[in-house]
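Me: Hi! Could you walk me through this one? I'd like to start with how the chains meet.

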Amino acid sequence: MTRSPVPRWVAALAVAAAVLVVLPVAGILARVDWSEFGSQVTSPGALTALGLSLRTAVVATAGCLLLGVPLGYALAVMRSRWRSVLRAVVLAPLVLPPVVGGLALLYAFGRRGLLGSVFNHFGITVAFTTTAVIIAQTFVAMPFMVLTTESAVAARGTRQEAIARMYGASRSRTLWTVTLPALGPALGAGTVLSFARAIGEFGATLTFAGSLEGVTRTAPLEIYLQREIEPGAAVALSLVLLIVAVAVVAVAYRPLTRAAS
Amino acid sequence: MTGPLTFTVTVPSRNVDATVTVASGSVLALLGANGAGKSTVLEALAGLLPNAAVSPARPPHAALVTQRGELFPTMSVLDNVAFSPRARGMRRAEAHTVAMEWLERVDAAELAHRRVTELSGGQARRVAIARALASSPHLLLLDEPFAGLDLESATAIRALLAQALNGTTTIIATHTTLDAHALASHIAVLDGGRVAETGPVTRVLSKPRTHFAARMAGRVLLTGVPEPGGIRLDTGDLLACETESVEAGARAAVAVHPRDVTVERAGIADVVTALEPRGDLVRIHGQHLAADVDPVMVPLPHPGDSVHFAVTAWGSAYSL
C-alpha cells in the first residue's frame, strides 16, 4: 500500500469541504417529490421560465463570444501599463455582488441612465425587457470568456501569428486561420462557463430587468417566486438547473483534466 | 531581382551588428558557433524580431525555416504548405496543387493529409522546408536545417535541399563546414554578433584570415612575417614554407590542421590550455597551436604543462 504524502489533517479538511458542497445537493435530491416531478417541471410557468432562460442564455453566450474574445485577446497582447487597471475593471462583475451589477446596469441603460437616456430619446426602452435580461447575463458572464481567452493567448504567445504574417497572411486571415483554431479548446471552455453563469444569473436580472412572466422571469427568478407559493415546484426546477450546472462543469473541465493526465 | 543583396542587421539587445551579402540566386552559409547570433540575424531578416533594425530594408517575401519547424499545429500538412499561396490570393484547389508539388519535391507527398502533431522530427523539417519554398521566397532563410536530425535524415534532406534550392537566394545558418561545402558558394563567419570574415567557401575554409574562421574550419591559424625560406611566426619560430604568393611586406598566415601537428621534445614552445576528445584521438589545445594525438602512443599532458609542437605538413603561406 502506497502511503499518501497528504497529512491527515489536510485530508480531514478536504473531506469537510466536499461535504459542504455535496450536502446541499443531497438536500435538494431528498426534497424532490418524484411522483410530482414530471408535472412540476412541465407546468406552464416552469416551461415559460426555462424557455426564456435557455433563449436569453444562448444569446448572452453568443454576445460573450463576440465581445469577450476580442477583449481577452486585447488584454493579452497589450503592453500599456493600464492593462492591469483595465483587467481589474473588466473582471469586476466576477466578484461584484449581482445586485450591485444590476443597479450599475440600471444607471447605464435604464430610462435615465447614461446611455439609456439617449436610447429613450429615440423611443427605445431597455430596462425591464428581455433585452435587459440578456445584457445582465452578458455583463456577469463575459469575464469568464475574457479570462479564458486572455490566459490561452498569453500561454501560446504570438509567434505563430508572426510566422503567418511572414508568409503574407493579412491580420484578419491570421486571426481566422491561425489564432482562433489554436484557441479552440479555451473558447469551448469559456463558452460553457459563460453559458452556465448566464443561465444561473439572478440578482442583476431582478434589479435591472424585473420579474415579468414570459418577458424577464427566468428560471432562477421563477424558483425564488415559487419557493413561497409552491416549494415543491421550486425544488423540482432547482434540480433541473443543478443538473445543467453539473453537466456544464463536467464538459468544460474535461479538456483540462485530459491535458493534465 | 539581380545583383547581390546586402543587409545590415542590428539588434542591440543581443549585441548583433552584422552585414551579410548574398548574390542573387546563390547560397550563403552563415557559419558560427552556438550563440554567435546566427538565429538572431535570420529572425531579424524574416521580420520575426520586433526590436531589430535591418537596413536598407527588410527583404520582402522572406521565408524562415526555424530549427523547431514551427508548423501551424491546427492544420494538416497540406494546408501548412498551401498557407502562403492561399494567403497571397491563390484559390484553394490551385494552392493545394502547388503544395502537393512541393511536398513531392521534398519527398513527403505521403504525409499530405497527416496532422502536424503526428510527424517525426525529420518529417516536420521536410514539411517546413516545403512550406517555405511554396511561398516562392525572394530570400530563403534556413536556421540549422539539420540540427537534431539523425544522420540519415540529415543527409537525405541535405541532398534534396541541394536540388530544391535551384536558384533560390538562400542564407543558411550552420555550425558545420559540411553544410557550407555541400550547399553554399559563399561563407560569412559570424563571431560575437559580427561578421569576422566572408568570402567564397573554399577560400575561407582553406585560407582563413581570422583565428575564429580557422577554428570553424577545423584549423589553427599561424601568423607571422615572410622571410627568406619561410615565415617568422609571431611565436619567434621559423616555419619553413612556400611564400611565393605572399605580397612583399604583408603579414602572412598558414592554416594548419591539428592532425598535421605532433608533440615533440623540441619545436614551437607552447602551454597546454585544454584537452578535447576527438573520436579515438585527443586534441591538445595550446595557446598558439593544437595537435591531435593518439593517447595510446603519447602520454597526455595536463593543462598548464609546457609542450613543444612540431608541424609536419602545411600548405603554402598566404597574405593576410
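Me: How many residues of chain B are in contact with chain A?
Reply: This is a predicted model, and in it 15 residues of chain B are in contact with twelve residues of chain A.

Me: Which elements of chain B give two or more residues to that side?
Reply: Those are strand S5 (62-65) and helix H2 (77-87) of chain B.

Me: And how do the residues on chain B's side divide into nonpolar, polar and charged?
Reply: There are nine nonpolar, four polar and two charged residues on the side of chain B that touches chain A.

Me: Back to S5. What is the strand order of the sheet it sits in?
Reply: The order in chain B is S5-S6-S7-S3-S8-S9. It's an open sheet of six strands, and the pairing is mixed.

Me: Which strands are at the edges?
Reply: S5 and strand S9 (194-200) of chain B, each of which pairs on one side only. On average, neighbouring strands of this sheet are turned by 20° against each other, with direction ignored.

Me: Do S5 and S6 of chain B run parallel or antiparallel?
Reply: Parallel, with four bridges joining S5(B) to strand S6 (residues 139-143) of chain B. As an example, Ala62(B) has Leu139(B) as its bridge partner in S6(B).

Me: On phi, then, which residue other than glycine has a positive value?
Reply: Asp107(B) is one, with phi near 65°. You'll find Asp107(B) in the loop between helix H3 (92-105) and helix H4 (121-134) of chain B.

Me: Switching to chain A: how do the axes of H3 and H9 cross?
Reply: Helix H3 (residues 44-77) and helix H9 (residues 171-200) of chain A have axes that come within 9 Å and cross at roughly 135°. H3(A) and H9(A) are therefore oblique to each other, and the crossing is right-handed.

Me: What residues meet there?
Reply: On H3(A) they include Ala57(A), Cys64(A) and Leu65(A), and on H9(A) they include Leu187(A), Phe195(A) and Ile199(A). The residues of this contact divide into nine nonpolar, four polar and no charged.

Me: Last one: how is chain B divided into domains?
Reply: Domain 1 covers 5-206 and domain 2 covers 219-319. Their C-alpha centres lie 37 Å apart.

Notes. Residues are numbered from 1 along each chain as its sequence is written. Chains are lettered from A and ligands numbered from 1 in the order in which they are written. This is a predicted model: local features need pLDDT of at least 70, side-chain atom pairs count only at pLDDT 80 or more; totals for chains, interfaces and linings use all residues. Domain bounds come from an automatic or database domain assignment. Two residues are in contact if their C-beta atoms, placed from the backbone, lie within 7 Å. Ala, Val, Leu, Ile, Met, Phe, Trp, Tyr, Cys and Pro count as nonpolar, Asp, Glu, Lys and Arg as charged, and the others, Gly among them, as polar. Two strands pair if DSSP finds at least two bridges between them. Axes are lines fitted to C-alpha atoms, for helices over the stretch in contact, and angles run from 0 to 180 degrees between N-to-C directions. Angles under 35 degrees count as roughly parallel, over 145 as roughly antiparallel, 65 to 115 as roughly perpendicular and the rest as oblique. A crossing is left-handed if the near helix is turned anticlockwise from the far one by less than a right angle, and right-handed if clockwise.
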